[in-house]
Amino acid sequence: MRRMIFDTDHDDFRDMVRSFVATSVAPRVDEFIQAGAIARDVWLSAGKLGLLGLHVPERYGGSDAPDYRFMAVVLEELSRVTVALGSAYSIHADIVAPYLLHLTTDEQRRRWLPGFCSGEMLTAIGMTEPSGGSDLAALRTRAVRDGDGWRLTGSKTFITNGTTADLVVIAARTNPAERSRGITLFGVEAGTPGFTRGRRLDKVGQSEADTAELYLEDAWVPDDNVIGAVDAGFPSMMAWLPQERLSAAVANVAHAAQLLDETIAYVRDRRAFGQSIGSFQHNKFLIADLVTRVEATQAFVDQAVLAHVRGELTAVAAAKVKWWSAQVQNDVLDHCLQLHGGYGYMNEYRVGRAWRDARVTKIWAGSNEIMKEIIGRDLGL
């Protein structure tokens with residue numbers, strides 16, 4: 001079915017993004033996997049094309065794109081190559097961006113946003129802690145007032161862009177007497193004494209996405225690096241989680257759709273018992289089922305995108321579209337691998353990597369179980 005949510009401006013933008021991905025990104029995926037991170041020159045190239053500051057005003061070096069659909073286009077095109085590319089990009093350009101744009105002072109915006117948009121300053125966000133998981137209100141990293149700044153102590157884990165980021169938005173507890181109402185956000189810059197990075201984490205998949213542990217040991221951060229109001233960090237994090245979950249859904253369905261297309265081409269050409277394996281009734285019916293599921297999920301995600309453009313996407317709707325798209329993505333890729341037979345289990349085949357890379361999408365941005373909890377509570381259960 002033809003998608004109806006994009007206009008000619010989005011289509012022209014997609015052509016540009018697709019060209020960039022095809023020439024500067026896709027041919028280098030193996031290089032990124034070996035390095036464990038995306039090369040900085042790729043970030044700089046994306047910055048020159050205006051892809052990193054899509055919703056940042058031009059006066060700060062951004063592109064001032066008129067709506068979220070431009071972000072969705074970039075996420076789709078990157079995720080069609082690997083879901084890890086969409087993840088690393090999304091953390092910087094999509095997830096950190098609202099904090100730096102909407103919660104900062106004009107001085108902070110002038111200091112941080114030009115480099116953010118150009119790719120000279122890569123960013124990450126430090127919410128998750130080793131003992132906390134999805135319970136953000138229980139974070140233990142603490143910040144204690146010290147002169148005209150704060151001393152931060154604690155650790156963060158599973159931080160995408162963690163070892164390469166020049167600026168990390170860190171959530172820390174500034175009021176021990178409170179739970180969710182005692183958290184503040186800080187911009188912690190690379191080179192800050194007491195701020196160190198642990199090992200690059202050895203993940204099951206997504207090797208090209210730089211993921212690390214971060215440590216803060218009496219790291220002093222000036223008041224000028226407090227993001228938003230003191231003790232008001234938790235509501236800010238909650239406010240932007242729906243967009244993060246929507247972005248995950250956009251990437252999930254694009255990733256699944258691309259690998260399904262490649263699998264359909266494979267089963268057309270692969271022959272067994274004198275005919276293409278796609279012509280076997282079981283496989284034919286299975287693929288019909290997968291195609292329908294992907295198209296139905298795409299329609300669901302597209303409606304959520306339009307709701308977000310209108311400012312109407314709720315936390316509950318974002319939870320629904322996040323968990324459902326992740327489940328469909330994983331189910332589809334599992335079947336795609338099976339249809340490739342033994343070759344699907346080989347790393348040299350994209351479907352094997354994609355199957356492995358996708359598993360985390362049912363965990364990150366809030367686990368699927370937490371998404372169902374949010375939905376169930378909304379139903380009064």
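How much space lies in the largest cavity? The space there comes to about 150 Å³. The model shown in these views is predicted, with pLDDT of at least 70 needed for local features and 80 or more for side-chain atom pairs, while totals for chains, interfaces and linings use all residues. Residue numbers start from 1 along each chain as its sequence is written, and side-chain values use heavy atoms, with hydrogens and water left out.

View 1. On a 1 Å grid over the protein atoms alone, a cavity is a set of points where a 1.4 Å probe fits but cannot get out; a pocket is an open set with protein on both sides within 12 Å along at least five of seven lines; lining residues have an atom within 4 Å of a point. Grid points are joined across faces, edges and corners, and a volume is the space filled by probe spheres set on the points. By this rule there are 3 cavities of 30 Å³ or more. The largest cavity is lined by 14 residues, of which Phe20, Val25, Val42, Leu78 and Tyr89 are the closest to its centre. At least two lining residues come from each of helix 1 (8-25), helix 3 (40-48), helix 4 (69-79) and helix 5 (83-102); helices (H or I, at least four residues) and strands (E, at least two) are DSSP runs numbered from the N terminus. Helix 1 gives the most, with 4 residues. By class, the lining holds 14 nonpolar, no polar and no charged residues, where Ala, Val, Leu, Ile, Met, Phe, Trp, Tyr, Cys and Pro count as nonpolar, Asp, Glu, Lys and Arg as charged, and the others, Gly among them, as polar.

**View 2. The second largest cavity.** The volume of the second largest cavity is about 50 Å³. Its lining is formed by Asp94, Ile95, Pro98, Tyr99, Met127, Trp240, Leu241, Gln243 and Glu244. Helix 5 and helix 7 (233-269) are the elements that give two or more residues to this lining. The lining of the second largest cavity divides into 6 nonpolar, 1 polar and 2 charged residues.

**View 3. The largest pocket.** The largest pocket contains about 1400 Å³ of space. Among the 49 residues that line the largest pocket, Thr128, Ile363, Trp364, Ala365 and Gly366 are the closest to its centre. Helix 5, strand 3, helix 7, helix 10 (350-358) and helix 11 (368-378) each contribute at least two lining residues. Helix 7 supplies the most to this lining, with 10 residues. The lining of the largest pocket has 26 nonpolar, 14 polar and 9 charged residues.

**View 4. The second largest pocket.** About 480 Å³ of space is found in the second largest pocket. Its lining has 18 residues, and Met1, Arg3, Val294, Glu295 and Gln298 are the closest to the centre. Helix 7 and helix 8 (281-309) each supply at least two of the lining residues, and helix 8 gives the most, with 7 residues. By class, the lining of the second largest pocket comprises 9 nonpolar, 3 polar and 6 charged residues.

View 5. Strand 4 (residues 167-173) is largely enclosed by the rest of the structure, because 7 of its 7 residues are buried; buried means under 20% relative accessible area, exposed over 50%, and partly exposed in between (1.4 Å probe, protein chains only). Leu167, Val169, Ala171 and Arg173 point one way from strand 4, whereas Val168, Ile170 and Ala172 point the other way. Two strands pair if DSSP finds at least two bridges between them. Strand 1 (residues 123-126) pairs with strand 4 in the parallel sense over 4 bridges, and Thr123 stands opposite Leu167 in strand 4. Strand 4 and strand 5 (residues 183-189) run antiparallel and are joined by 7 bridges, with Phe186 in strand 5 as the bridge partner of Ile170.

**View 6. Strand 7 between two pairings.** Strand 3 (residues 149-160) and strand 7 (residues 211-222) run antiparallel and are joined by 9 bridges. Within this pairing, Leu152 has Ala219 of strand 7 as its bridge partner. Strand 6 (residues 195-200) is joined to strand 7 by 4 bridges, also antiparallel, and Thr196 has Tyr215 of strand 7 as its bridge partner.
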